[in-house]
Amino acid sequence: MSNLNFPGAFEKRMLYRLGSEWDNFKRAHEQSSPVSIRLHPLKKSSLINSEQVPWAEQGRYLPERPSFTLDPSFHGGAYYVQEASSMFLEQALKQSIDLSAPLNVLDLSAAPGGKSTHLLSLISNESLLVSNEVIRSRAAILAENIQKWGYVNCLVTNSDPKDFNNIEGFFDVIVVDAPCSGEGLFRKDPQAINEWSVENASLCSSRQKRIIHDVWPALKTDGILIYCTCTYNPDENEENLYWLQQEKEIEFIELNTNFSWGIEKVVKDKVSGYQFYPNKVKGEGFFISVIRKKEYSESATIKSKKKLVAPSKRVIESLNAWVSHPEKLLFKQHNELVFALRAEKTDEIEFLLQHLKFVYGGTNIATVKHDKLIPEHSLALSIILNPDTFNSIEVELPVALQYLRKETIDIKDVEKGFASLAYEGTRLGWVNVIQNRINNMYPSEWRIRMTR
Ligand SMILES: C[S@@+](CC[C@H](N)C(=O)[O-])C[C@H]1O[C@@H](n2cnc3c(N)ncnc32)[C@H](O)[C@@H]1O
């Protein structure tokens, strides 16, 4: 990375803001971006011993960028590739709310799923995450990443922020990782420089205000709004929050940051936020602020129409053996598909579905075909699979890659029936072992096309 040409107006503003730090800021953009991942807390990974991201328990820096596409563990959801600064969400949550409580959490602008998978690792099993993305094609990628992460307490939706207007006082936490002018990504993605303009940054600022305004009623009194962007533009950060402070009764939550992390506090009147600069932190540009809603909010009355239907008793009895804690789940069926939801959140999910556009919910368990049950791919990747029910076949890298490319695989001496395929202890999906062959059940739409 070298010789980035910053837009003139950006350079002028940053020079004024950073003063003597400007040269260091520019120099940081001549270095390559640190590579970081966040480990799944319940799956295995050989990358666990890499250097830890100081503000995120499962965050790890890698010495260089490997080919993630050719690492089967990545496809099994053993880790998520995520920029380190944005993992600071963990501190924002841990320092502002009791994460052992059963919470309703909304990630409003969630695709491709970095913050949502992180949230699922942090909240309790009794909590519910609504992971929403307004752009349809991006919502599909989000659903894929959520399935790979394998938690059952999540609902993926494809709604506009204003659809949350009717879900008054429902959420304990709302994360708005707002679409922004992306100045903090200039190093990692120089294309962001070409897309930047004064007009676009100003449009982003107005859109962010509209998003916060639309989603605000859905936050409970005393609930937490975590607002973040990957930009330095004050109009999209502290100025927007200053506007919020003028409009609503709120309180900013101060976070403890270790001096050595290099994070800068931004203060404007009563507004406080935290800014990450690539010359000071080991990560990209980022802004985050944590706000408590102080004004009164009516709480949503959970009246659901109970549209979701249960599968037959016979199906439930069979599937009870497929999952680890069947007593904590409710199975529901839509056409041939049976999926599981956390029992205590089912009414809330039914209520939410009256207002939001459903994409994916809970964990897909099985397809009912005549009187047979065929395990769903999501179940293989999920943390609720009962590991004793199906055979698991551990394979080496070449076979794992053949499997992920959906090619024919040849494994000798395995029992007939459905079995999961695992690489370094992480399940990748299902195979069906029949007489003389093995059916590769990897989803066609997810197969990898890269050969090396
Ligand atoms: C910064 S990205 C989110 C990244 C994501 N939170 C993560 O950690 O992986 C912002 C998201 O906002 C979505 N978005 C775009 N326009 C929006 C709007 N008007 N309201 C809400 N979200 C919007 C984008 O599609 C994009 O997925």
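Helices and strands in this tour are DSSP runs, a helix having at least four residues and a strand at least two, and they are numbered from the N terminus. Keep in mind throughout that the structure on your screen is a predicted model.

Select Pro-112, which sits in the loop between strand 5 (104-107) and helix 5. Turn the view until you can see the peptide bond between Ala-111 and Pro-112, which is cis, with an omega of about 5 degrees.

**Stop two: helix 5 and the ligand**

Now extend the selection to helix 5 (114-122). Is this helix enclosed or left open by the rest of the structure? Eight of its nine residues are buried, so helix 5 is largely enclosed by the rest of the structure. Among the buried residues are Gly-114, Lys-115, Ser-116 and Thr-117, and a residue is called buried here if 20 or more other C-beta atoms lie within 10 Å of its own.

Next, show the ligand and the 16 residues that surround it, of which the closest are Ser-109, Gly-114, Lys-115, Asp-177 and Pro-179. Helix 5 and helix 8 (198-215) are the elements that give two or more residues to this shell.

**Stop three: Cys-230**

Select Cys-230, where the UniProt record, in an unreviewed entry, places the feature "active site"; an annotation of this kind may be inferred rather than shown by experiment. Cys-230 lies in the loop between strand 9 (219-229) and helix 9 (238-247). It counts as buried because it has 26 C-beta neighbours inside 10 Å. Leaving aside residues up to four places away in sequence, Cys-230 touches Cys-180, Gly-182, Gly-184, Leu-185, Glu-284, Gly-285 and Phe-286.

Move on to an open sheet of four strands, which has the order 14-15-17-18 and antiparallel pairing. Strand 14 (329-334) and strand 18 (372-375) each have a single partner strand, so one side of each is left without a neighbour in the sheet. From one strand to the next, the twist averages 30 degrees. Within this sheet, strand 15 (residues 337-342) and strand 17 (residues 363-369) run antiparallel and are joined by four bridges, and you can pick out Leu-337 standing opposite Thr-367 in strand 17.

**Last stop: two residues with positive phi**

Finish with Lys-406, in the loop between helix 13 and strand 20, and Glu-424, in the loop between strand 20 and strand 21. Lys-406 has a positive phi of about 60 degrees although it is not a glycine, while Glu-424, also not a glycine, has a positive phi of about 45 degrees. Lys-406 counts as partly exposed, with 17 C-beta neighbours inside 10 Å, and Glu-424 is partly exposed with 18 other C-beta atoms within 10 Å.

Conventions: Residues are numbered from 1 along each chain as its sequence is written. This is a predicted model: local features need pLDDT of at least 70, side-chain atom pairs count only at pLDDT 80 or more; totals for chains, interfaces and linings use all residues. A residue is buried if 20 or more other C-beta atoms lie within 10 Å of its own, exposed if 12 or fewer, and partly exposed in between; C-beta atoms are placed from the backbone. Two residues are in contact if their C-beta atoms, placed from the backbone, lie within 7 Å. A residue is near a molecule or strand if its C-beta atom, placed from the backbone, lies within 6 Å of it. Two strands pair if DSSP finds at least two bridges between them. Axes are lines fitted to C-alpha atoms, for helices over the stretch in contact, and angles run from 0 to 180 degrees between N-to-C directions.
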